[in-house]
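Open the model in your viewer and keep the sequence panel beside it. The stops below are given in the order in which to select them.

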Amino acid sequence: MCGEMSSPPTSFEWRTGDLAIAHALWDKQFGKGGSLDTQILEASKLKKYEQYRGFLFAIVPLYITSICVESCLYCNFRAGNRGVKLQRVRLRPLQLADEVQYLIEKKGLRVIELVYATDPLVRVDRMCKDVERVQRLLAKSGGGAVGINAEALDVDEYRRLKDAGLDFIVLWQETYDRDQYIKYHPGTTKKACFEYRLEAYDRMFVAGIRTIGMGILSGLSDWRLDWALLMDHEAYISETYGIGPCILGVPRLKGAAGALVRETPWVPNRQEFKCAVALHNLFAPSVLPFLSTREDWELCSEMASGGGALFTLNCSTIPGGYAARAQGYQFPTDNFDAPLYAPRLIRQGLLPVFDWKFSKGEAVIAERRLASGTGAQE
Ligand code: SF4
């Protein structure tokens, strides 16, 4: 990684792309609810509003399989977990189509993140077919976008996904602390290799994918260091490929039913977490934090201040968890039903957009939506 964290910012000037911003994470007042937090949160809201005018971009995760050979200690889907709350499900192609139709027709959601556990029978061939299938369904209904969240892959595999019509890809590094990473990801499988995952972002760019998401699972190690190293990694990507990530993964460790690690001393509290996301907004205002229902409504909507975030409304971490109402989550989530909660966002001064896509690494609202004078879903 190439960025150097120079001296702390004098009187916190919050210059976009300045890695010195990360020094604020270690300020004694950071995350304490005082004037420094107010300064960060207000500056973040302003920067986001200047760029995104309150627009939020609705996205929905769609889990394809919960069968996994990996052993991530914090996950309910880990290999060997036979907990009563877990059913192993692999969606068949027609079941996937049913879920997509349901999300489009009943909920108006048309930007879909396909999520895969590391299933030995769901390899890149199947992922490509899924991408093509979802693209066909979206095209029939007026368009949308499809991305994936899956294991780290090789360059050729990323290239095949791009050729299949993939719009975006997200991968969370989990933690930049190599020793802790190895403890949480035991075994000899792909995910156990810290470097293979770390270098996956380079492989995406080499394969020609330009719309990527990076992130960490806050709480696996010293969260301050992880956030700072994430910014450093983003700076390296920007300098190397001429474009940075456009999505920021912001999961925070929450105890899942069958997890072997359910809490650590390193989980940031609400205020610290909210300020870390806001600080990142100052570092990279164009990047969209992926706000998920792992967090409650109040925190999600606070973190969405000013706009410029991906926002999960309907949310299930269960393959078949929408139309088929299957059971057996990866981690517990809320579910903010889109028809009910979109108007609530509007009342809070935010503008949820359902009809959008990525173009050249940026979220773009469908022209017909802009022509109607609003980005929000009526
Ligand atoms: S985090 Fe992903 S790879 Fe790890 S056990 Fe869970 S589903 Fe499998």
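In which loop does lysine 360 lie? Select the stretch between β10 (356-359) and β11 (362-365): lysine 360 is in that loop. This is a predicted model, so every stop describes a prediction. Lysine 360 counts as exposed because 9 other C-beta atoms lie within 10 Å, and the cut-off for exposed is 12 or fewer.

Select arginine 53, in the loop between α1 (35-52) and β1. Its phi is positive, about 50°, although the residue is not a glycine. Arginine 53 has 12 C-beta neighbours inside 10 Å and therefore counts as exposed.

Then go to glutamate 174, in the loop between β4 (168-170) and α5 (178-184). Is glutamate 174 buried or exposed? It counts as buried, because 25 C-beta neighbours lie inside 10 Å.

Move on to the core. The largest nonpolar core has 109 residues. To find it, select Leu56, Phe57, Ala58, Leu279, Leu288 and Phe311, the residues with the most contacts inside it. Colour strand β1 (residues 55-65) as well: this strand gives the most to the core, with 9 residues. Then centre on leucine 279. Apart from neighbours within four places in sequence, leucine 279 is in contact with Ile21, Ala24, Leu25 and Ile40.

For a helix pair, show α2 (residues 93-107) and α3 (residues 124-140). They pack at an angle of about 35°, and their axes are 10 Å apart. The crossing of α2 and α3 is right-handed. On the α2 side, the contact is made by Pro93, Leu96, Ala97, Val100 and Gln101; on the α3 side, by Asp130, Arg133, Val134 and Leu137. Sorted by class, this contact has 6 nonpolar, 1 polar and 2 charged residues.

The last stop is the ligand. Which residues are around it? Select Cys68, Glu70, Cys72, Cys75, Phe77, Arg78, Ala117, Thr118 and Lys191. This shell divides into 5 nonpolar, 1 polar and 3 charged residues.

Key
Residues are numbered from 1 along each chain as its sequence is written. This is a predicted model: local features need pLDDT of at least 70, side-chain atom pairs count only at pLDDT 80 or more; totals for chains, interfaces and linings use all residues. A residue is near a molecule or strand if its C-beta atom, placed from the backbone, lies within 6 Å of it. Ala, Val, Leu, Ile, Met, Phe, Trp, Tyr, Cys and Pro count as nonpolar, Asp, Glu, Lys and Arg as charged, and the others, Gly among them, as polar. Axes are lines fitted to C-alpha atoms, for helices over the stretch in contact, and angles run from 0 to 180 degrees between N-to-C directions. Helices (H or I, at least four residues) and strands (E, at least two) are DSSP runs, numbered from the N terminus. A crossing is left-handed if the near helix is turned anticlockwise from the far one by less than a right angle, and right-handed if clockwise. Two residues are in contact if their C-beta atoms, placed from the backbone, lie within 7 Å. A nonpolar core is a set of buried Ala, Val, Leu, Ile, Met, Phe, Trp, Tyr and Cys residues joined through C-beta atoms within 7 Å. A residue is buried if 20 or more other C-beta atoms lie within 10 Å of its own, exposed if 12 or fewer, and partly exposed in between; C-beta atoms are placed from the backbone.
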